Amino acid sequence: MDIKHCPSCGSSRIKKVRGSLSRTFEGESYTVPSLTYHECPDCGERAYEPDAVRKIQAKSPAYRKELAVR
Ligand SMILES: [Zn+2]
């Protein structure tokens, strides 16, 4: 997948970057390493590819909880 325009503001300056993502969910922080995503320098929007989303979900306490309920 290659994103040419920002889904949020339409900017064509959105670019693919690689790095780790840190998030906090209900006071619990977690880091997802080696992610590839698109970041818009104009509005700060980040777009994740399906593969990156799967990695985030695998690390996220939110999804872990959801899985535990089932
Ligand atoms: Zn944008």
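Select Cys43 first, together with Cys6, Ser8, Cys9 and Ser11, which Cys43 touches when residues up to four places away in sequence are left out; a contact here requires C-beta atoms, placed from the backbone, within 7 Å of each other. This is a predicted model, in which local features need pLDDT of at least 70, side-chain atom pairs count only at pLDDT 80 or more, and totals for chains, interfaces and linings use all residues. Residue numbers start from 1 along each chain as its sequence is written.

Remain at Cys43 and display the C-alpha atoms of Cys43 and Cys9: they lie 6.9 Å apart in space, although the two residues are 34 apart in sequence. Cys43 sits in the loop between β2 and β3.

Next, colour the model by secondary structure.

Now select the three strands. They form an open sheet in the order β1-β2-β3 with antiparallel pairing, where strands count as paired if DSSP finds at least two bridges between them. β1 (15–25) and β3 (46–48) are the edge strands; each has a single partner strand, so one side of each lacks a neighbour in the sheet. From one strand to the next, the twist averages 55 degrees.

Move to β1 and β2 (residues 28–39), which are joined in the antiparallel sense by ten bridges. Thr24 has Ser29 of β2 as its bridge partner, and Phe25 is opposite Glu28 in β2. The hairpin of these strands has two residues between them, and Glu26 in the turn shows a positive phi of about 50 degrees.

Continue to β2 and β3, an antiparallel pair with three bridges. Tyr37 faces Tyr48 in β3. Six residues separate the strands of this hairpin, with Gly44 in the turn at a positive phi of about 85 degrees.

Finally, select helix α1 (residues 50–59), which lies across β1, β2 and β3 and runs at about 180 degrees to β2. Such angles run from 0 to 180 degrees between N-to-C directions, with axes fitted to C-alpha atoms, for helices over the stretch in contact.

How values were computed. Helix = DSSP H or I, 4+ residues; strand = E, 2+ residues; numbered from the N terminus. Contact = placed C-beta atoms within 7 Å.
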